[in-house]
Amino acid sequence: MSIDPIGFVVLLLGALSMLNGARFAVTALCLSTLLGAAAALQLPALGGSSIQPSHLLVLFLVMTVLLRPVQMQATLASIAYPGPGFWFACYILFSVVSSFFLPRIFAGATLVYSSARDPSGMMSTVAAPLAPGSSNISQSVYLLGDLACFAVVAGLARLGYGRFIARQLIVASIACFAFALIDLATFQIGQAQLLDIIRNANYTMHTAETIHGFKRIVGPFPEASAYGAVALAYFAFTLMLWLERVQSRMAGLATLLIGPTIVLCTSTTAYVAGVFLVCMFVLFCLKRLIGGSATTPHVTFLAITLFFIPCAITALSLVPDAWNSIAGLLTTTVSDKLQSQSGEERTAWNTLALIAFVDTATFGAGLGTVRASSFIAALLSNVGLTGTALFAVFVYSLMRAAGRHKSGDRQTHAIGTAAVMASIAQIGSAAISGSGTDLGLLFSTSAGLAAGCLAEAYVPRHRAPSSPANRRPIEASASPLRAPMFSTP
């Protein structure tokens, strides 16, 4: 194991998190989810795996919560039956168990494209017989980190940290936009190496590609599709907050900034998933309008999507040069994608993944065994029908919680709904181009925030007698081995 320079910064942030409490730890985690091409640790013994800063910070987040009993109680309560956290925990624990048994039970039963990387960080381009590999271990660790992140965020949200976490996600969305600007600027001046400090992971980097004169925006990620998926999740989150008039100034600014980068990132994943997401928002606003509960933001969004954007497209068609450039971009990234070399490779991955699902009698080959190019194909081929069903129940329970009327704090419920939309955006993006079953820590953060905000506030089991003399605010009670009896946003 080796520690990269950015790893020392992460370790320092982790130590400060344990001293300063959950708020500092959550802030560091939300910002670190943007560093998708960075590596804090390198693990040559596990096939050259790279540990990202966000995954390392999750460890410190868990230790921070362990030192504060009430926060730990809320964390454990967030994965109790029958809430969404219970089904998410069942899905992940089943996946981890499958990574040990299924690759050995079905060894040699079919051909697969392995998820394991060689020491250079490259994945095999040749199908090989199904067999256990280092990716079974690494993917299990990642998913357990996802579960820990989900549980902690959900627990903190139930203790009243929901609005604070929402603010940090809004700040992260603005930072995502800033990284896009830096990526474009360093490319234009020929100094792209300035970002190498946050592009040090053992991945294949596609940071200097262009399509029809458009630079593919990657920001702090290894490729445009990864940036597009993350930006789309932030867009969904901030847009819903703006529509529901929760922290509307910051959320509106973030939506206005992050939206154009999705259009300009030239990612097929972002374009296709973005159309699906916009349709969902249109239906949501129409439902509010028909029900008589629409506000000015709902009407404004409908006017923009149903009137101004079609008018802008019509006007753009009258300018031949601009229209030809945009039409060529869309043709390359959407219409001709399946005929490209990348499209043919991804089709082959999905084909073999589905064949592996059938050849393993629908049990799956085990977590981390099969590489695909769709989250759905990856689920079926890795964890089979059982794992897929558990994940589906988790998503259903999360959406059902968002649709259920909750008496109490309207803003907290709105934050939970926004987090559900961000989670759906990430699932939609992964369904188009996800190579594995790990949706990442941003998904765990948004899903955990949704589960916590849409659940009842957590009340500690054992309350110490309180009086006006010994009541203390939340920050004063956040020192190690203590936690607040009551929390306020």
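**Reading a predicted fold, one feature at a time**

Me: K215 has a relative accessibility of 6% and counts as buried. What are the cut-offs for buried, partly exposed and exposed?

Reply: A residue is buried when its relative accessible area is under 20%, exposed when over 50%, and partly exposed in between (1.4 Å probe, protein chains only). Please keep in mind that this is a predicted model, where local features need pLDDT of at least 70 and side-chain atom pairs count only at pLDDT 80 or more, while totals for chains, interfaces and linings use all residues. Residues are numbered from 1 along each chain as its sequence is written, and side-chain values use heavy atoms, leaving out hydrogens and water.

Me: What share of the residues in the protein chain is buried?

Reply: Of the 489 residues in the protein chain, 52% are buried. The accessible surface comes to about 21300 Å², an area computed by the Shrake-Rupley method with a 1.4 Å probe, where for residues only the protein chains shown count as cover. Carbon and sulfur atoms account for 69% of that surface.

Me: How many helices and strands are there in the protein chain?

Reply: Both are read as DSSP runs and numbered from the N terminus: helices are H or I over at least four residues, strands are E over at least two. The protein chain has 15 helices and 7 strands.

Me: Is α3 largely enclosed or largely open?

Reply: Because 10 of its 14 residues are buried, α3 is largely enclosed by the rest of the structure. The buried ones include H55, L56, L57, F60, L61 and V65. A handy rule here is that an α-helix has 3.6 residues a turn, so residues three or four places apart point the same way.

Me: Which residues does S54 touch?

Reply: Contact means heavy atoms within 4.5 Å. S54 sits in helix α3 and is buried, at 3% relative accessibility. Leaving aside residues up to four places away in sequence, S54 touches L29, S32, T33 and L441. For the whole protein chain, 73% of contacts between residues at least 6 apart in sequence join residues at least 24 apart.

Me: At what angle do helices α1 and α2 pack?

Reply: Axes are lines fitted to C-alpha atoms, for helices over the stretch in contact, and angles between N-to-C directions run from 0 to 180 degrees. Angles under 35 degrees are called roughly parallel, over 145 roughly antiparallel, 65 to 115 roughly perpendicular, and the rest oblique. Helix α1 (residues 5–20) and helix α2 (residues 22–32) pack at about 150 degrees, with axes 6 Å apart. So α1 is roughly antiparallel to α2. L13, L16, S17 and N20 of α1 make the contact with A22, F24 and A25 of α2.

Me: How many salt bridges does the structure hold?

Reply: Side chains of opposite charge can pair when their charged atoms come close. A salt bridge is a side-chain nitrogen of Lys or Arg within 4 Å of a carboxyl oxygen of Asp or Glu, and the structure holds 5 of them. One joins R163 and D409 at 2.6 Å, N to O. R163 lies in helix α6 (residues 134–188) and D409 in the loop between α13 and α14, so the pair ties together parts that are 246 residues apart in sequence.

Me: Which partners does D183 have?

Reply: D183 bridges to R199, with the closest N and O atoms 3.0 Å apart. D183 also bridges to K215, at 2.8 Å between the closest N and O atoms. This second pair links distant parts of the chain, 32 residues apart: D183 in helix α6 and K215 in strand β7 (residues 214–215). Bridges with shared partners join D183, R199 and K215 into one network. D183 and R199 are both buried.

Me: Where is the cis peptide bond?

Reply: The bond from Y81 to P82 is cis, with omega near 5 degrees. P82 lies in the loop between α4 (69–77) and α5 (84–105).
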